[in-house]
Amino acid sequence: MQPFENPVMVTRPIFPDLSELNTKLEEIWDSKWLSNNGRQHQKLEESIKKVLKVPNASLFNNGTIALIVAVQSLRLSGEVITTPFTFPATPHVLTWNNIKPIFCDIDPTTLNIDVDKIESMITPLTTGILPVHVFGTPCDVFKIQEIADRYGLKIVYDAAHAFMTEIDGKGIGNFGDITMFSFHPTKLFHTGEGGALVYEDDHFKQRIDLLKNFGIKSEDEVIMPGINGKMNEIQAALGLIVLDLIEEERSKRQVILKRYTERLSEIEGIFFHTLDSNIKNSLQYFVVQVDEKTFGRSRDYVYDELKKYNVFARKYFYPLCSDYACYRQLPSSNPENLPNANSAVKKVLSMPFYGELTVDDVDRICDIIQLIKNRSL
Ligand code: T4K
């Protein structure tokens, strides 16, 4: 089998028609306004609330700064329980807030924090839980809320992967105290770089918007040590255009998803999680687990072989955060505490997944995987 002529990456951002962006840029140039809550920003904030079906939103220059501000605004301290199976940003925002991340094991199927193990990680220093809706699969939000209520803990969700995920028609941003979305180019919806916090409680709006603007209340008063988390007008304008293309992109991804699931369910040793019918898929990632015993080859072997065919899948999230030099020494990082995470990290592979892929491309990728398996027989 021939390799792909051009590299097939794990994702490709939506690139709108350049002329549309130019029109928006002219609007911005005429306004002589580039940042600090301009018109594009205001419009995008309103649109985001509608798309995500949430009452309140604050836009940010990226998801990581948004998450740092979420943790600050809830005044979390001491210890916060999170998952080791995530992007570095998740535990790092705790460290930037002088909080100790406590790693809890994950569910081997959903790859989300294991709700049955959260309680055993709670100590008198615990102030919150920071779960991640990994690859857009919703966490068990009801059980997490129950635990948080019982112990008086706050919940910040990292929904970097879960743009437009819904549970029973309810936007995923309506659970917990504050939810963060990332608008990085690798995400379904993007603003070049960017992010948002969404929350039900109207009272958060003032505090969050102050925190993302240096804590400046007026020309005469700075009332808290804020940061610069503002999204600028060019990011917001790009976002407004990309937002109009989301449904078309989602339809294309739906076709790709269907093909992957049809083809890969036929290959022994390749597993993927299927969402329940009451969950709306964010369609940001398509992820498989390679079971070495039944597939005959390891995930790493598949990853390396795919590369030879010009297919660049990704080992999200390898290594585990609990294995980073800065977190390895934490008692909760002990692999005995994290058996499922340590097992999943060796199996998971994010497959190329974006609207520009064709069904033929997916067929070829699946043929390569089948070929790799046949070689091991
Ligand atoms: N929490 C979670 C759970 C997250 O996954 C993330 C970010 C965050 C928090 C933080 O949110 P932000 O602060 O980023 O808003 C990428 C992204 O940089 C990162 O945003 C994302 N998660 C993570 C899962 O993926 P890398 O290091 O894998 O990116 P990179 O540059 O290797 O790009 C991946 C592929 O995407 C490339 O192989 C090709 C394609 N690509 C990428 C870019 C940037 C393009 O085709 N065009 C592009 O412009 O981290």
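Student: Is Lys-280 buried, partly exposed or exposed?

Tutor: Lys-280 is partly exposed, because its relative accessible area is 28%. Keep in mind that this is a predicted model. Buried stands for under 20% relative accessible area and exposed for over 50%, so 28% puts Lys-280 in the partly exposed class.

Student: How is the chain divided into domains?

Tutor: There are two entries to remember: domain 1 (18–104 + 111–241) and domain 2 (247–374). Their C-alpha centres lie 26 Å apart. The contact between them takes 34 residues from domain 1 and 35 residues from domain 2.

Student: How much area do domain 1 and domain 2 bury between them?

Tutor: About 2800 Å², with 65% of it on carbon and sulfur atoms. Phe-103, Phe-135 and Leu-188 supply 25% of the area that domain 1 buries against domain 2, more than any other three residues. Across this interface, the rule finds one salt bridge.

Student: How many salt bridges does the count come to?

Tutor: The count comes to 23 salt bridges. One of them joins Lys-205 to Glu-45, with the closest N and O atoms 2.9 Å apart. Lys-205 lies in helix α7 (residues 203–211) and Glu-45 in helix α2 (residues 39–52), so this pair ties together parts that are 160 residues apart in sequence. Lys-205 is partly exposed at 24% relative accessible area, whereas Glu-45 is buried at 10%.

Student: Which residues are linked in a network of salt bridges?

Tutor: Lys-258, Arg-259, Glu-262, Arg-263, Asp-363 and Asp-367 are linked in this way. Look at the pair of Asp-367 and Arg-263, whose side chains meet at 2.7 Å, N to O. Asp-367 is in helix α12 (residues 359–376) and Arg-263 in helix α8 (residues 233–264), 104 residues apart. Asp-367 is partly exposed at 30% relative accessibility, while Arg-263 counts as buried at 16%.

Student: Which residue does the UniProt annotation "active site" cover?

Tutor: According to the unreviewed UniProt entry, that annotation covers Lys-187. UniProt also places the feature "modified residue: N6-(pyridoxal phosphate)lysine" at Lys-187, again in an unreviewed entry. In the model, Lys-187 is found in the loop between β8 (178–182) and β9 (195–199). Lys-187 is buried, with a relative accessible area of 9%. Not counting residues up to four places away in sequence, Lys-187 touches Ala-160, His-161, Ser-182, Gln-284 and Tyr-285.

Student: How many disulfides are there, and why is Cys-139 in none?

Tutor: The count comes to zero disulfides. A disulfide needs two cysteine sulfur atoms within 2.5 Å. Cys-139 is buried, with a relative accessible area of 5%. Cys-366 also counts as buried, at 0% relative accessibility.

Note on methods:
Residues are numbered from 1 along each chain as its sequence is written. This is a predicted model: local features need pLDDT of at least 70, side-chain atom pairs count only at pLDDT 80 or more; totals for chains, interfaces and linings use all residues. Side-chain values use heavy atoms; hydrogens and water are left out. Buried means under 20% relative accessible area, exposed over 50%, partly exposed in between (1.4 Å probe, protein chains only). UniProt positions are given in the numbering used here, feature names are shortened, and annotations may be inferred rather than shown by experiment. Helices (H or I, at least four residues) and strands (E, at least two) are DSSP runs, numbered from the N terminus. Contact means heavy atoms within 4.5 Å. Domain bounds come from an automatic or database domain assignment. Buried area is the accessible area (1.4 Å probe) that two parts lose on being put together, summed over both. A salt bridge is a side-chain nitrogen of Lys or Arg within 4 Å of a carboxyl oxygen of Asp or Glu.
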